[in-house]
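Please examine the sequence and the model shown below.

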Amino acid sequence: MYCFIKDMTVEIDNNIFNSFTNYLEKFLKELSKPGQSLDHYTKNRNAKPGKVRKDNVYGKYGELITSIGLSNFFNLSLPLPDFEIRKGRNKGWKADLNNNNIAIHVKTCPGTTYKNYGDYSWVFQNEDVIFKSGGKELCSLVYVEDIKLNYGIIKAVLPFNIICQYLKPMIRSEHKESKVAVYYEDLLKDKDKILEKLCEDIVV
């Protein structure tokens, strides 16, 4: 099983990094067109356009970090990030990275979050379908200090049913009704217990 709670630093080759940046620019232009995800988030979730763009940029970079990191460390064959634009609510909760044997969701914590709150955290919408499914699909928790840097850190990869046990209300009061977060300090505190549980599940 490809699960861990530890720092996995992933460096991005300059050619891949440059190609990714070019794709990202096109992606953001499409995202801003009427009826696309940017419209949905600003109208239905009262999100600021700049925040939506930032979340998408860091999210895609987290996917790239996860794809390259897990492919290298575990000899997996994972695709690079998907730049297809989903309209409005069609984004949903689907795995960001798939091959025939594994599906991985990716969440990314930007450097500003860590600097502002003193811990790594990853945010989930209460409406995410996976909350209802109690899923055991994997989730990669990534830290990206700045998208201008050609590296990032995978802090953990865990099944979502484990992450669910550590979800807490958002620190910022305006998001408490719609979002929850998992905090790295909590995962580190219970690291041995979590990994022992994962081993028991594999044996069973």
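## Basis of the model

This is a predicted model, in which local features need pLDDT of at least 70 and side-chain atom pairs count only at pLDDT 80 or more, while totals for chains, interfaces and linings use all residues. Residues are numbered from 1 along each chain as its sequence is written, and side-chain values use heavy atoms, with hydrogens and water left out.

## Overall organisation

The protein contains 8 helices and 8 strands (DSSP runs numbered from the N terminus: helices are H or I of at least four residues, strands E of at least two). Of its 204 residues, 44% count as buried, that is, under 20% relative accessible area with a 1.4 Å probe, protein chains only.

Contacts are heavy atoms within 4.5 Å; among those between residues at least 6 apart in sequence, 67% join residues at least 24 apart. The protein exposes about 11,600 Å², of which carbon and sulfur atoms supply 48% (Shrake-Rupley method, 1.4 Å probe).

Strand β8 (residues 179–183) is largely enclosed by the rest of the structure, because 5 of its 5 residues are buried. Lys 179, Ala 181 and Tyr 183 point one way from β8, whereas Val 180 and Val 182 point the other way.

Two strands pair if DSSP finds at least two bridges between them. Strand β4 (residues 121–125) runs antiparallel to β8 and is joined to it by 5 bridges; Val 123 has Ala 181 as its bridge partner in β8. Strand β7 (residues 167–169) also pairs with β8 in the antiparallel sense, over 3 bridges, and the bridge partner of Lys 168 in β8 is Ala 181.

Key: Buried < 20%, exposed > 50% of the residue type's maximum accessible area, 1.4 Å probe, protein only.
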